[in-house]
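Morning, everyone. Please look at the structure on the screen while I talk.

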Amino acid sequence: PSTISVSQNSPSSVICDGDSFFRSVLSSMEQVYLNRNPTAKAILELARSTDANQICYDHLAYRTFGVNGHGIESMSKLFLDFGYTQREELRFPKKKLKAFWFSPPPTPSVSSGSGIHGPLPRVFISELLVDQMTKEAQDIIKKYTGLSAAGHEHSALSSALGCLTWPKPSHVEFQQLARESEYAAWTLVNGYTLNHVTISVHRLVSPLNNIDNFNQFIQDKGFKLNSEGGVLKVSPDGLLLQSSTVADSIPFEFSDGFREPVPCSYIEFAQRLVLPQYKDLPQDKVEEVHRRDGFEVGNADKIFESTSKDQLTRRA
Ligand code: OOG
Ligand code: NI
């Protein structure tokens with residue numbers, strides 16, 4: 001036949017195709033993350049083995065350099081193009097960071113897949129406020145973002161392939177940045193790779209759908225949690241509860257041939273409690289929209305420390 005036929009029982013086939021492409025991109029990013037981070041992989045397998053085979057992701061997170069188009073907007077483009085909405089800004093003056101979070105488009109039907117193939121996660125993207133750094137730090141960051149040329153136009157590709165858009169730095173440059181900002185040093189060697197995925201704890205099966213039980217379970221298995229400000233991070237309204245592991249390290253060869261492990265990624269856990277106005281809803285009627293949404297500066301500030309030297313070298 002000479003006409004293009006559109007599947008009759010699927011009027012939204014075009015949207016579905018876009019959706020499956022988008023999820024393939026996320027899935028490649030996730031694969032890079034799982035291959036590099038044995039702790040995240042082991043914890044996801046553990047959670048899966050004790051659960052009804054469905055793990056929902058609460059959010060995905062990325063770090064960027066806020067300079068010459070390499071910041072938040074370089075990574076948010078993919079998500080905005082596929083239906084996400086930009087939400088509130090968060091500021092971290094002491095860390096010289098800012099962030100935005102993005103909410104996913106409404107999922108067409110109840111998604112029964114797991115992880116990236118389940119309900120679409122929120123996204124948290126932060127950037128270093130590069131112009132607030134010292135001249136020395138700015139010189140290093142601008143050197144590498146400059147060498148990446150149009151790399152920031154292809155941040156999603158870089159994340160999905162797991163390669164930097166700029167050359168590897170020297171060990172001296174890495175250390176110089178780390179002294180001023182561990183976030184900056186992390187971003188220089190990890191680029192746009194997934195910083196973490198977050199397991200939606202309240203969507204697990206009892207008793208692990210309670211974050212205290214979940215944290216205990218993970219620690220009993222020998223995993224170290226980020227203890228900055230206490231293991232459990234609680235928002236002022238008491239409705240957003242978060243915890244995270246300490247990042248794994250990965251061998252890295254600097255441009256001068258020097259080899260040293262550098263921090264890579266971690267995994268986070270979040271429990272969102274039911275909003276006060278929905279407290280009388282029967283348990284089986286509670287959906288994600290009835291729960292505390294968004295992020296919290298006070299929690300996030302401590303979760304950033306999951307890749308810090310203090311946490312990495314701390315004894316369990
Ligand atoms: C992000 C830390 C903040 C959250 O959920 O509040 C965060 C990062 O480490 O880049 O993930
Ligand atoms: Ni997070």
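I'll go through the sheet, then the helices, then the ligand.

First, the ground rules. This is a predicted model, where local features need pLDDT of at least 70, side-chain atom pairs count only at pLDDT 80 or more, and totals for chains, interfaces and linings use all residues. Residues are numbered from 1 along each chain as its sequence is written, while chains are lettered from A and ligands numbered from 1 in the order in which they are written.

Now the sheet. Strands of a sheet pair through backbone hydrogen bonds, either parallel or antiparallel. Strands are DSSP runs of E with at least two residues, helices are runs of H or I with at least four, and both are numbered from the N terminus. Two strands pair if DSSP finds at least two bridges between them.

Val234 has Leu241 in strand 7 as its bridge partner.

Strand 2 and strand 3 are antiparallel, joined by six bridges. Glu89 has Phe100 in strand 3 as its bridge partner. Their hairpin has four residues between the strands, and Lys96 there takes a positive phi near 55 degrees. Next, strand 3 pairs with strand 4 over six bridges, again in the antiparallel sense. Leu97 is opposite Leu128 in strand 4.

Now strand 1. Eight bridges link strand 1 to strand 4, and these two run parallel. Leu60 faces Val123 in strand 4. Strand 1 and strand 5 (residues 196–200) run antiparallel, with four bridges. Tyr57 is opposite Ile199 in strand 5.

Why is strand 1 called largely enclosed by the rest of the structure? Because nine of its 10 residues are buried. Buried means 20 or more other C-beta atoms within 10 Å of a residue's own; exposed means 12 or fewer, partly exposed is in between, and C-beta atoms are placed from the backbone.

On to the helices. Two packed helices are described by the angle between their axes and the distance between the axes. Helix 6 (residues 171–180) and helix 7 (residues 182–190) have axes that come within 5 Å and cross at roughly 145 degrees. Axes are lines fitted to C-alpha atoms, for helices over the stretch in contact, and angles run from 0 to 180 degrees between N-to-C directions. Phe174, Leu177, Ala178 and Glu180 in helix 6 meet residues of helix 7, including Leu188 and Val189. Contact means C-beta atoms, placed from the backbone, within 7 Å.

Now helix 5 (residues 155–161), which holds Ser155. Ser155 counts as buried because it has 24 C-beta neighbours inside 10 Å. Leaving out residues up to four places away in sequence, Ser155 touches Ser74, Met75 and Tyr192.

Last, the ligand. Which residues come nearest to ligand 1? Of the 13 around it, they are Ala61, Asn195, Ala300, Ile303 and Phe304. A residue is near a molecule if its C-beta atom, placed from the backbone, lies within 6 Å of it. Helix 9 gives the most to this shell, three residues. Strand 1, strand 4 and helix 9 (297–303) each supply at least two.

That's my tour. Thanks.

Conventions: Contact = placed C-beta atoms within 7 Å.
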